Amino acid sequence: MKTIKHTFFYSHKPEAVWQYLTNAELMSQWLMPNDFKPVVGHNFQFKARPMPNFNFDGIIYCKVLEIVPNKKLVYTWRGGPGDGTMTLDSKVEWTLNAKDNGTELIIEHNGFASDESMLQIFSVMDAGWLQNIKKIAELIKTA
């Protein structure tokens, strides 16, 4: 299994960064429209552009697994072609570490098989996560 991992530093307190990870309206600004609630066990969805060539109907099915306010957020990340089959069954884990002058944010997205079709998805998502966490930096500056 392959894992996407990125570390990014924000010159803001963990509480400010946390809002961008747990507030559905703020999440939609840097990631996708969603119905997220920061409640363990909550099922939610992200809505994206369908990509039939990746067997993806545009809906990411998620469930909140763990919340440690301002420190850690974990949820499932599942998607498929829309026929009930899940071609991607993975997990996203966010870790926030307070630093003297801000917050270190680590994302780990794991559960990618090593087959060729999944490697393409892995590559697209790896670049996408990096781009999106950089968007948080732009948004948080103007907040």
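Two strands are taken to pair if DSSP finds at least two bridges between them. Helices (H or I, at least four residues) and strands (E, at least two) are DSSP runs, numbered from the N terminus. With those terms in place, a hairpin joins β5 to β6 through two residues.

Good morning. The structure under discussion is a predicted model, in which local features need pLDDT of at least 70 and side-chain atom pairs count only at pLDDT 80 or more, while totals for chains, interfaces and linings use all residues. Residues are numbered from 1 along each chain as its sequence is written, and side-chain values use heavy atoms, with hydrogens and water left out.

I begin with the sheet. Strands of a sheet pair through backbone hydrogen bonds, either parallel or antiparallel. Here, six strands in the order β1-β6-β5-β4-β3-β2 make up an open sheet with antiparallel pairing. The edges are taken by β1 (2–10) and β2 (43–47); each has a single partner strand, so one side of each is left without a neighbour in the sheet. On average, neighbouring strands are turned by 25° against each other, direction ignored. Such angles run from 0 to 180 degrees between N-to-C directions, and the axes are lines fitted to C-alpha atoms, for helices over the stretch in contact.

On the β6 side, W94 has I107 as its bridge partner.

Helix α3 (residues 116–142) lies across β1, β4, β5 and β6, and runs at about 10° to β1. What is the relative accessible area of M118? The value is 6%, so M118 is buried; the term means under 20% relative accessible area, with exposed over 50% and partly exposed in between (1.4 Å probe, protein chains only). Leaving aside neighbours within four places in sequence, M118 is in contact with T87, L88, F112 and A113. The C-alpha atoms of M118 and K2 are separated by 9.5 Å, although the two residues are 116 apart along the chain.

I turn to the interior. A nonpolar core is a set of buried Ala, Val, Leu, Ile, Met, Phe, Trp, Tyr and Cys residues joined through side-chain atoms within 4.5 Å. The largest such core has 39 residues, of which W30, F46, Y75, W77, W94 and W129 touch the most other members. Helix α3 gives the most to this core, with nine residues. Y75 has contacts that include F44, F46, W94 and W129, not counting residues up to four places away in sequence.

Rings of Phe, Tyr and Trp (its six-membered ring) pair if their centres lie within 6.5 Å; planes under 30 degrees apart count as stacked, over 60 as edge-to-face and the rest as tilted. Across the whole structure, 11 aromatic pairs are found. F36 and F44 have ring centres 4.9 Å apart and planes at 90°, so this pair is edge-to-face. Both F36 and F44 are buried. F46 and W77 form a tilted pair, at 5.3 Å centre to centre with 40° between the planes. This pair links distant parts of the chain, with F46 in strand β2 and W77 in strand β4, 31 residues apart. F46 is buried at a relative accessible area of 0%, and W77 is buried at 4%. One aromatic cluster is formed by W30, F36, F44, F46, Y75, W77, W94 and W129.

Finally, two polar residues, where a polar contact is a pair of N or O atoms within 3.5 Å; within protein, one must be able to donate a hydrogen and the other to accept it, and residues adjacent in sequence count only if both atoms are side-chain atoms. T76 belongs to strand β4 (residues 72–79). Is T76 buried or exposed? T76 is buried, because its relative accessible area is 17%. Its side chain reaches the backbone nitrogen of K63 at 2.8 Å. N23, in the loop between α1 and α2 (24–30), counts as partly exposed at 28% relative accessibility. A polar atom of the N23 side chain lies 2.9 Å from the backbone nitrogen of E25. Thank you for your attention.

Methods:
Contact = heavy atoms within 4.5 Å.
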